[in-house]
Structure formats: structure tokens, C-alpha cells
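Here's a quick tour of one structure, starting with its packing and moving on to its charged pairs. Have a look at it first.

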Amino acid sequence: TIRSHKSRLGIFADFCEEYDVEYIDEIGGGLLTQYRLNRSDEINIVTLKTQLDTLRVFLRFCERIDELKKGIADLVPTPEISDDENSRDEYLSQEQASGIAENLNKYDYASRDHAVFRLLWTTGMRRGALRALDVSDFDVKERYLQLRHRPETGTPLKNKHKSERYIALDEKTCNILEDYITENRPEVADDFGRYPLIATRQGRPHGQTIQTSAYAVTRPCKYNGGTCPHDYNPESCEAARDKNKAYECPSSLSTHPLRRGRITADLTEGHPTAVISDRMDVSDDVISAHYDKMTRREQMEQRRKSLGLD
């Protein structure tokens with residue numbers, strides 16, 4: 001959250017510098033309106049609302065410490081967005097996922113990043129669910145994971161006991177996990193004496209550690225032959241050189257777009273919504289509103305398959 005706020009407010013600070021605004025008490029309604037107009041030409045309305053909301057929170061803080069005149073924060077324009085617009089469009093495509101998987105198999109096989117990506121992409125589970133897994137929750141012979149709600153030892157699931165389930169795995173995913181556990185997983189327990197499946201040298205990873213892995217592996221320069229779609233030089237780009245700054249890459253993705261991409265891929269392949277709902281712990285209504293990124297043509301083709309008209 002701190003990094004996100006710093007990034008969003010940094011954009012506003014750059015804007016102020018461009019408009020020769022040197023002191024915070026120079027901020028007024030006209031400047032804020034101009035900022036909104038400038039940003040609306042560059043980003044979508046959902047991102048714009050997020051950036052303006054962060055700016056408003058900051059200006060209210062400035063008002064509370066008497067660095068800014070009362071009421072200025074209320075002058076920050078608030079764009080109205082529809083439910084469709086509020087459903088984020090960002091997701092990992094199957095083509096991108098294939099490129100990432102190929103790169104990890106070749107250059108970073110059975111690493112923690114590889115295990116994290118493989119599980120997030122093939123199962124579509126949430127970041128918190130991945131963090132909650134123990135080594136004992138992985139059955140390599142029967143090829144499944146068992147997710148359990150264990151809030152008393154620091155790993156609750158989003159929907160509590162309703163989120164508990166068994167998740168079937170393919171053979172390749174099992175092989176990667178088995179090799180990760182054998183070769184690269186640190187021999188550590190968490191503060192409760194449990195052995196996390198995905199582990200750091202300190203024990204169970206923070207959710208942000210898993211997020212960092214997602215940002216790192218989804219940088220295009222890492223799986224696209226070193227090519228940057230933004231014309232940055234990977235040799236000098238901090239987001240390319242430093243894994244912990246991978247989130248600064250405009251094309252890197254957090255864990256949720258991976259989940260959205262997996263659900264979209266399964267829908268496109270014609271898997272029943274009920275199966276997806278049970279596997280990924282998400283309701284049919286939420287799938288329709290927030291995860292189904294198929295075009296109308298793709299939806300028609302899916303119905304054609306279901307009806308045996310192909």
C-alpha cells in the first residue's frame with residue numbers, strides 16, 4: 001500500500017513540477033481539475049479514480065496537520081464509474097502464460113518463483129490460499145492439494161470453512177512442486193511449527209512476497225526474449241534489473257490478474273461454470289461480473305460446443 005501510494009502521489013508531484021507549483025498551499029480546484037483532465041487522456045477511468053482517491057486522502061491529511069486550507073481535498077474531482085468499468089480488464093492471457101512457463105522451465109526450474117507461478121496459474125487460487133498451504137497439504141501420489149481454513153495458526157481462507165476444498169493437479173505441476181520441495185525449499189517451519197509449502201528462509205512468506213513473485217515473472221522482458229514493449233533498456237531499467245522493483249514495470253501483473261486469466265481461460269475452453277466455481281471458490285455471479293473476459297463471439301462459440309453444434 002505504501003509503495004502504491006508513493007507511486008500515485010509521485011505522478012501528481014511530477015505534474016505540479018511541470019506546472020511550476022512549488023508549495024502545497026498553491027493547490028486549488030483549478031489545478032486539480034487540470035490534473036484530472038491530463039490523466040484522463042493517459043489512463044482508463046478505473047485507474048484514474050484510484051489515483052484521485054489516493055490524492056484526496058493525502059490532501060485531507062495535509063488539512064488535518066494545517067498544511068492546507070480546509071476543503072481543498074473535497075475539490076478533487078471524483079469520476080463516476082459503472083459496474084462494467086469497475087470490473088478490471090487486466091488479466092494474464094494463455095499466450096503470455098505459456099511464454100512465462102517456458103521461460104521458467106528453461107531458466108529457473110523448480111525455483112520458488114516457478115512453484116508460485118505454476119500453482120497460481122494452473123489452479124487460479126488466491127494469494128492467501130497459496131500462502132496457507134503446508135507441505136503436508138500436497139499429496140504427490142494422488143495429485144491434489146488440500147486447502148484448510150486455519151485462522152488460529154495464521155492462515156485463514158477468504159470464505160472461511162466454505163473455502164476448504166481439494167484441488168486436483170496435473171502431473172507436470174506435481175513434478176515441479178516435488179522438485180521444488182526436494183531441491184529448493186528451505187527446511188523451515190513457521191511460528192506455529194507448521195511447514196509451509198511455499199517458504200522463505202524466515203518461514204511462511206508474507207502475502208507481498210508472493211505478490212513480488214507474480215510481478216517478477218510477468219515482466220515481458222523476462223519471457224519475451226528480452227524485448228520491452230515500452231522501449232525501456234532492460235540493462236538500465238530498475239524494474240528489469242531488480243526483482244523487488246518489478247511492480248514498477250507497466251506490464252507486470254499482480255496475483256489477481258493471474259486468477260482472472262485462469263478463470264477466463266477455463267471459460268473459453270468450455271469448462272462448466274459450476275466446475276470453475278467449486279475449484280476456484282468463486283460464485284457464478286462473480287465469475288460473470290468480474291472474471292469472464294470472453295468476447296461475445298467467444299461466448300457464442302462456447303455455447304455452440306455445449307450444444308453440440310460444432
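What follows covers the model's basis, its nonpolar cores, one tyrosine and some salt bridges.

## Ground rules

This is a predicted model, so to speak: local features need pLDDT of at least 70, side-chain atom pairs count only at pLDDT 80 or more, and totals for chains, interfaces and linings use all residues. Residues are numbered from 1 along each chain as its sequence is written, and side-chain values use heavy atoms, with hydrogens and water left out.

## Nonpolar cores

A nonpolar core here is a set of buried Ala, Val, Leu, Ile, Met, Phe, Trp, Tyr and Cys residues joined through side-chain atoms within 4.5 Å. Buried means under 20% relative accessible area, exposed over 50%, and partly exposed in between (1.4 Å probe, protein chains only). The largest core has 36 residues, and Leu 92, Phe 117, Met 125, Leu 130 and Leu 145 have the most contacts inside it. Among the elements giving it two or more residues are α5 (94-107), α6 (112-123) and α12 (255-268), with α6 supplying the largest share, six residues. Helices (H or I, at least four residues) and strands (E, at least two) are DSSP runs, numbered from the N terminus.

Leaving aside neighbours within four places in sequence, Leu 92 is in contact (heavy atoms within 4.5 Å) with residues including Phe 117, Trp 121, Leu 253 and Leu 258. Apart from this core lies another, of 17 residues, with Cys 16, Val 21, Leu 32 and Leu 52 among them.

## A tyrosine in a loop

Tyr 247 sits in the loop between α11 (238-241) and α12. At 27% relative accessible area, Tyr 247 is partly exposed. Beyond its neighbours within four places in sequence, Tyr 247 touches Arg 3, Tyr 215 and Ser 252.

## Salt bridges

There are 14 salt bridges in the structure, each a side-chain nitrogen of Lys or Arg within 4 Å of a carboxyl oxygen of Asp or Glu. Lys 49 pairs with Asp 53, with the closest N and O atoms 2.9 Å apart. The two are four residues apart in helix α3 (residues 45-64), so about one helical turn separates them.

Asp 134 and Arg 204 form a salt bridge at 2.6 Å, N to O. Asp 134 lies in the loop between α7 and β1 (138-139) and Arg 204 in the loop between α8 and α9, so the pair ties together parts 70 residues apart in sequence. Asp 134 is buried at 5% relative accessible area, and Arg 204 counts as buried at 13%. Both belong to a salt-bridge network that also includes Asp 137 and Arg 150.
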